[in-house]
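Student: I have a model open and want to learn how to read its features. Can you take me through it?

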Amino acid sequence: YLCQIDLQMEFGDVATSVTANPDATTVSIEDPGETPKHQTGPLRGSGREEDDELLGNDDSDKTELLAGQKKSSPFWTFEYYQTFFDVDTYQVFDRIKGSLLPIPGKNFVRLYIRSNPDLYGPFWICATLVFAIAISGNLSNFLIHLGEKTYHYVPEFRKVSIAATIIYAYAWLVPLALWGFLMWRNSKVMNIVSYSFLEIVCVYGYSLFIYIPTAILWIIPQKAVRWILVMIALGISGSVLAMTFWPAVREDNRRVALATIMTIVLLHVLLSVGCLAYFFDAPEMDHLPTTTAIPNQTVAAAKSS
Amino acid sequence: MAEAEESPGDPGTASPRPLMRDLKAVGKKFMHVLYPRKSNTLLRDWDLWGPLILCVTLALMLQRDSADSEKDGGPQFAEVFVIVWFGAVTITLNSKLLGGNISFFQSLCVLGYCILPLTVAMLICRLVLLAGPGPVNFMVRLFVVIVMFAWSIVASTAFLADSQPPNRRALAVYPVFLFYFVISWMILTFTPQ
């Protein structure tokens with residue numbers, strides 16, 4: 001019984017579960033829009049832990065069974081796009097929670113997305129992030145320059161469009177490049193795990209969630225605080241990404257695998273540091289005028305005595 | 001503005017809808033937004049005139065008096081327009097993609113009409129700003145904008161929430177929150193020259 005459920009988990013398709021050889025590998029050609037059938041190999045130790053976790057939740061059985069039977073409408077119909085918004089509130093919250101608490105060994109895609117990638121999360125997280133960065137940057141600059149006589153507050157509305165371009169480009173183009181790269185490597189090396197384009201977009205979108213509270217906390221005009229926040233955010237979202245994509249490249253040449261993970265993390269670093277540098281002015285050293293005044297006073301006191 | 005009446009004596013001319021009737025319909029919807037109750041008027045007899053008037057008024061009030069408004073960094077007329085309409089369309093599409101059973105134009109109508117409290121807030125802010133800048137001035141504006149923001153959210157949620165299945169209601173309402181928050185931010189950060 002356990003074996004059959006495992007097969008259903010792995011293949012997501014009820015029809016093939018009973019007759020298929022559990023040790024066989026299936027090869028499927030990935031299309032960006034279709035529900036993916038994962039390539040599977042012999043069940044390994046770590047996979048069994050994941051399956052135990054999945055088995056513990058009754059709802060997961062149903063979603064796995066149903067996922068294999070999703071009907072795909074042609075791409076010019078509205079129903080086709082509705083399949084990407086087929087999530088409930090609690091599922092979105094679960095995915096956000098998963099992106100905030102990366103657990104070693106647990107794969108975000110396997111655990112939370114499970115053949116139901118959604119576009120709701122990535123799109124609205126990016127939208128919120130755009131406005132969070134623009135508004136926080138504006139507020140932070142206002143607070144930093146508050147005392148200055150020559151400062152006149154401007155809402156800096158241009159920066160919203162710039163932020164939007166950067167964030168949305170990152171959230172769509174990097175997954176596209178990564179997906180293309182993984183597909184190319186898949187044609188050379190038989191990888192056990194492969195992701196569809198939408199799943200990669202989904203992971204990237206949800207991994208950006210940590211930057212929303214980070215951007216709001218960046219209002220604090222202390223350099224040390226900002227850099228600590230950058231480290232924390234990078235640590236969390238970088239590890240979510242690394243742990244998600246490591247299974248997809250570990251079968252490959254060691255150097256290629258490591259280089260891929262490093263590139264993913266590096267691009268993430270560039271994004272966060274770039275946003276911090278561009279949207280948030282460096283906090284000025286406010287105490288400089290008083291420190292220059294003090295030596296004058298001591299010199300004057302020395303002269304008068 | 002002359003009233004266009006139906007004149008059965010003129011053959012071949014299309015009789016245009018009476019202007020007063022349309023104005024009354026718009027005014028009635030304004031009232032429904034200001035006192036949100038469970039009523040279907042906004043949804044059943046949707047029109048886009050109200051939202052258009054509100055959007056143009058808001059965009060005009062967000063303009064500054066100075067000649068070189070480029071350097072001010074505030075939103076241009078076209079930017080406000082684009083944000084309001086593009087935002088409303090995006091929220092409507094989101095609502096429909098999540099499986100809501102509201103029509104496209106009904107949703108646009110509701111979202112547009114519920115900008116009314118924020119337009120009132122903009123008016124009040126401009127009046128308050130005539131008294132000169134200062135922290136008290138800012139606190140008053142902040143209070144007004146917050147109250148009107150809450151009013152807009154409550155009004156639009158009263159109309160839109162029922163159209164979603166209960167397990168996705170929060171997903172459909174959050175973008176509305178974001179939309180009115182951005183507009184409130186634009187109103188609050190308005191600084192005249």
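Tutor: Ground rules come before the features. This is a predicted model, where local features need pLDDT of at least 70, side-chain atom pairs count only at pLDDT 80 or more, and totals for chains, interfaces and linings use all residues. Residues are numbered from 1 along each chain as its sequence is written, chains are lettered from A and ligands numbered from 1 in the order in which they are written, and side-chain values use heavy atoms, with hydrogens and water left out.

Student: How many helices and strands are there in chain B?

Tutor: Helices (H or I, at least four residues) and strands (E, at least two) are DSSP runs, numbered from the N terminus. Chain B has eight helices and zero strands. Its pattern along the sequence is α-α-α-α-α-α-α-α.

Student: What share of chain B counts as buried?

Tutor: Buried means under 20% relative accessible area, exposed over 50%, and partly exposed in between (1.4 Å probe, protein chains only). Of the 193 residues of chain B, 48% are buried. Contacts are another view; contact means heavy atoms within 4.5 Å. Among chain B contacts between residues at least 6 apart in sequence, 72% join residues at least 24 apart.

Student: Where does UniProt place the feature "transmembrane region" in chain B?

Tutor: UniProt positions follow the numbering used here, feature names are shortened, and annotations may be inferred rather than shown by experiment. The unreviewed UniProt entry gives residues 46-64, 76-98, 110-132, 138-160 and 172-191 of chain B. Now set the record against the model. Residues 76-98 of chain B are 91% helix and 0% strand, with end C-alpha atoms 32 Å apart. Residues 110-132 of chain B are 78% helix and 0% strand, and their end C-alpha atoms lie 35 Å apart.

Student: Which residues does UniProt list for chain A?

Tutor: For "transmembrane region", the unreviewed entry lists residues 119-140, 160-184, 196-221, 227-249 and 256-280 of chain A. Residues 227-249 of chain A are 100% helix and 0% strand, with 31 Å between the end C-alpha atoms.

Student: Is Lys159(A) buried or exposed?

Tutor: Lys159(A) counts as buried because its relative accessible area is 17%. It lies in helix 9 (residues 158-188) of chain A. Beyond residues up to four places away in sequence, Lys159(A) touches Tyr278(A) and Phe279(A).

Student: And what does Ile166(A) contact?

Tutor: Ile166(A) is also in helix 9 of chain A. Leaving aside neighbours within four places in sequence, Ile166(A) is in contact with Leu271(A) and Phe279(A). Ile166(A) counts as partly exposed, at 34% relative accessibility.

Student: Which residues does Ser156(B) touch?

Tutor: Ser156(B) sits in helix 7 (residues 135-160) of chain B. Its relative accessible area is 1%, so Ser156(B) is buried. Not counting residues up to four places away in sequence, Ser156(B) touches Val110(B), Cys114(B), Val176(B) and Tyr180(B).

Student: How many cavities of 30 Å³ or more does the structure hold?

Tutor: On a 1 Å grid over the protein atoms alone, a cavity is a set of points where a 1.4 Å probe fits but cannot get out; lining residues have an atom within 4 Å of a point. Grid points are joined across faces, edges and corners, and a volume is the space filled by probe spheres set on the points. The structure holds ten such cavities of 30 Å³ or more. Of its 14 lining residues, the closest to the centre are Ser95(B), Leu160(B), Ala172(B), Val173(B) and Val176(B). Helix 4 (77-97), helix 7 and helix 8 (169-188) of chain B each supply at least two residues of that lining.

Methods:
1 Å grid on protein atoms, 1.4 Å probe; cavity = no way out; pocket = protein on both sides within 12 Å on 5 of 7 lines; lining within 4 Å.
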